[in-house]
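Here is a short tour of the model, written for someone who likes to keep a structure viewer open while reading. Have a look at the display first, then follow along under the headings.

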Amino acid sequence: MNRRGPGLLGAMARTAVVAGTASAVSGRVQQRQQERFTEREMEQRAAAAPEPPVRQQAAAPAPDDLIKQLERLGELRKQGVLTDAEFAAQKNRLLAE
């Protein structure tokens, strides 16, 4: 008997591989579309969000209070709660007040 193809099991295996690949690709396409939709929705919400009310500047903190706040920021940075960039931003904010 002379065979001319992969036979029944080979054809079934090939069909399963093709179907699995198509399913995986389709799932990834749907995932990317959902991510894009979510990004656009977040951008639209951010654009539609009302402007936050402008805060009035508080009086400058007392020098002792400023030192305590700076020390607290330093402790948070040492503990790893704040990154160096976050520490610098908060320090600059306190010194600008």
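A salt bridge here is a side-chain nitrogen of Lys or Arg within 4 Å of a carboxyl oxygen of Asp or Glu. A search of the whole structure turns up one. It joins the side chains of Arg72 and Glu75, with 3.6 Å from N to O.

Why do Arg72 and Glu75 sit about one helical turn apart? Because they are three residues apart in helix 2. Arg72 is partly exposed, with a relative accessible area of 44%, and Glu75 is partly exposed too, at 40%. For these labels, buried means under 20% relative accessible area, exposed means over 50%, and partly exposed lies in between (1.4 Å probe, protein chains only).

## The model and its confidence

This is a predicted model, in which local features need pLDDT of at least 70 and side-chain atom pairs count only at pLDDT 80 or more, while totals for chains, interfaces and linings use all residues. Residues are numbered from 1 along each chain as its sequence is written, and side-chain values use heavy atoms, leaving out hydrogens and water.

The pLDDT score is the predictor's confidence in each residue, from 0 to 100. The protein chain averages 80, and 81% of the residues score at least 70.

## Overall layout

The protein chain has three helices and zero strands, running α-α-α from the N terminus. Both kinds of element are DSSP runs numbered from the N terminus (helices: H or I, at least four residues; strands: E, at least two).

Of the 97 residues in the protein chain, 6% are buried. The chain exposes about 8900 Å², with carbon and sulfur atoms supplying 56% of that area. Accessible areas come from the Shrake-Rupley method with a 1.4 Å probe, and for residues only the protein chains shown count as cover.

## The nonpolar core

Which residues make up the largest nonpolar core? The five are Leu73, Leu76, Leu82, Phe87 and Leu94. Helix 2 (63-79) and helix 3 (84-96) each supply at least two residues of this core. Such a core is a set of buried Ala, Val, Leu, Ile, Met, Phe, Trp, Tyr and Cys residues joined through side-chain atoms within 4.5 Å.

Contact means heavy atoms within 4.5 Å. Not counting residues up to four places away in sequence, Leu82 touches Leu73, Leu76, Arg77 and Phe87. With that exclusion again, Leu70 touches Phe87, Lys91, Leu94 and Leu95. Leu70 lies in helix 2 and counts as partly exposed, at 24% relative accessibility. Leu70 and Leu94 are 24 residues apart in sequence, and their C-alpha atoms are 7.9 Å apart in space.
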